[in-house]
Amino acid sequence: MQLGEIAEIKTGLVLTRKKAKLESETKATYQLISLHNIHEDGMFNNKPFEDFRSNSVLDRKYFTEKGDILFRLTYPHTAVYIKEEYEGLLVPSSFGIIKIFSNLFHPQYIAWFLNRNYVKYLLKREQRGSVITSTNKNILKQLEIKGISLEKQRKIVQLLQLHQKEKQLYEKLMQEKNRMFNHITKIIIESQGD
């Protein structure tokens, strides 16, 4: 089954058309997702979202909703499942927005599927452009999706969530260990005796 048969795929907003050039032109300010907010493995990082000052009130179709999948259209292609805490973020045209409408597929399973190395390889083969290569929504629509039972999809999603949580905890542990190392070495250097 092709992705276009189970999902609506559209692209984010071309920001240059709506960016307020002067402070007085600003009609609304939105939090904007950018490429630096997302890890290559499909998770949000802790970097703050940029503020985007718009010269008009923007259509809701350009904002994230719970259950959406954001897909980075340039290499390295990365799919991110939108949880409730990431609703309402403005999506630029560097991302595709995938809304699964088939009840035979779990959106988090599709995000995981799109992040597989094999899929990234297929997309890299189909990229367009000479300097910055990219994938378009028509290529995404034609991607063959491996259909498995919802029960198996749920198992993969549960395993994925556990894996992501472990990675976050490991990263936090490494940050703490780095702080501890820096603190101890500072104490050693500043101590009076040899």
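Let's start with a working term: a residue is called buried when its relative accessible area is under 20%, exposed when over 50%, and partly exposed in between, using a 1.4 Å probe and protein chains only. What you're looking at is a predicted model, so local features need pLDDT of at least 70 and side-chain atom pairs count only at pLDDT 80 or more, while totals for chains, interfaces and linings use all residues. Residues are numbered from 1 along each chain as its sequence is written, and side-chain values use heavy atoms, with hydrogens and water left out.

Now for the overall layout. The protein chain has 5 helices and 6 strands, where helices (H or I, at least four residues) and strands (E, at least two) are DSSP runs numbered from the N terminus. Read from that end, the order is α-β-β-β-β-β-β-α-α-α-α. The radius of gyration of the protein chain is 20 Å, whereas a compact globule of 194 residues would come in near 16 Å; the value is taken over C-alpha atoms, and the globule rule is 2.2 Å times the number of residues to the power 0.38. Along the principal axes, the C-alpha atoms fill a box of roughly 70 × 55 × 35 Å.

The chain splits into domain 1 (3-147) and domain 2 (148-193), with bounds from an automatic or database domain assignment. Their centres, over C-alpha atoms, are 26 Å apart. Across the divide, 13 residues of domain 1 are in contact with 11 residues of domain 2, contact meaning heavy atoms within 4.5 Å. Among contacts in the protein chain between residues at least 6 apart in sequence, 74% join residues at least 24 apart.

How much of the chain is tucked away? Of the 194 residues, 39% count as buried. The buried ones are Pro107, Gln108, Tyr109, Ile110, Ala111, Phe113 and Leu114. They pack against helix 1 (3-6), strand 4 (69-72), strand 5 (79-81), strand 6 (95-100), helix 3 (117-125) and helix 5 (150-190).

Between strand 3 (50-54) and strand 4 you'll find Phe63, which counts as buried because its relative accessibility is 2%. Leaving aside residues up to four places away in sequence, Phe63 touches Tyr30, Leu58, Asp68, Gly88, Leu89, Leu90 and Val91. Its C-alpha atom is 54 Å from that of Ser191, 128 residues apart along the chain. Asp59 is also in the loop between strand 3 and strand 4, but Asp59 is partly exposed, with a relative accessible area of 42%. C-alpha to C-alpha, Asp59 and Tyr121 are 34 Å apart in space and 62 residues apart in sequence.

Moving along, the loop between strand 4 and strand 5 holds Pro76. The peptide bond from Tyr75 to Pro76 is cis, with omega near -5°. Then comes Glu84, in the loop between strand 5 and strand 6. Glu84 counts as exposed, at 53% relative accessibility.
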